[in-house]
Amino acid sequence: MANWNDIKKSIGNIADKTASKTRELADTASLKLKIANKEAERDLLYKALGKLAYAKLRNLNVKDPEALTENISVTLEKLDAILKELRELKAEDEARRAAKEAEKAAKEQAKRDEEEQEQAEQEELNRKVMEDFNAARAQADAQYEKAKAEAENAK
């Protein structure tokens, strides 16, 4: 039966793993939300840019064409900034995914290595047992032959 310290340690390990996984999920959700918000901002800027471009092309109630051109330039700059942030966030998301996959692959490889090591140890143990068995059998056969020879000589 496990003692109290082992139980406390196990519970502590479970709590740590749960907290770590919760943090990881929260970080991922936060990143996904940031990406979605930036995509929404991007869509709004594209819409605004489209309206400005349409107004410029049609000269619809344009009192100050230079201001309209300036608005288009400012909107394009904002759009470039949003697109840059979006690329960075997506790159961060991809890096996290890649790191998670690498960690998973490393754990799987470590497990395979451990299993191979255990198998090698078991094979070595089996070989030693067979050596001991064969040595004991040879010794028993020698004792049998000796006893048989002594019995024949005693006749």
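1. Lys107 and Glu103 sit 4 residues apart in helix α2, so about one helical turn separates them. Helices here are DSSP runs (H or I, at least four residues), numbered from the N terminus. The two residues form a salt bridge, with the closest N and O atoms 3.4 Å apart. A salt bridge is a side-chain nitrogen of Lys or Arg within 4 Å of a carboxyl oxygen of Asp or Glu. Lys107 is exposed at 56% relative accessibility. Glu103 is partly exposed at 46%. The cut-offs are under 20% relative accessible area for buried, over 50% for exposed, and partly exposed in between (1.4 Å probe, protein chains only).

2. On the source: this is a predicted model, where local features need pLDDT of at least 70, side-chain atom pairs count only at pLDDT 80 or more, and totals for chains, interfaces and linings use all residues. Residues are numbered from 1 along each chain as its sequence is written, and side-chain values use heavy atoms, leaving out hydrogens and water.

3. Searching the whole structure gives 12 salt bridges. One of them joins Glu39 and Lys90 at 3.2 Å, N to O. Glu39 is partly exposed at 23% relative accessibility. Lys90 is partly exposed too, at 38%.

4. Arg97 pairs with Asp93 in a salt bridge, again with closest N and O atoms 3.2 Å apart. Both are in helix α2, 4 residues apart, about one turn of the helix. Asp93 is buried at 10% relative accessibility, whereas Arg97 is partly exposed at 43%.

5. What lies nearest the centre of the largest pocket? Lys21, Glu24, Arg96, Lys100 and Glu103 do, out of 16 lining residues. The pocket holds about 440 Å³ of space. On a 1 Å grid over the protein atoms alone, a pocket is an open set of points where a 1.4 Å probe fits, with protein on both sides within 12 Å along at least five of seven lines; lining residues have an atom within 4 Å of a point. Volume is the space filled by probe spheres set on the points.

6. The lining divides into 3 nonpolar, 2 polar and 11 charged residues. Charged means Asp, Glu, Lys and Arg; nonpolar means Ala, Val, Leu, Ile, Met, Phe, Trp, Tyr, Cys and Pro; the others, Gly among them, are polar. Helices α1 (4-58) and α2 (65-154) each supply at least two lining residues. Lys21, Glu24 and Lys100 are linked in a salt-bridge network.
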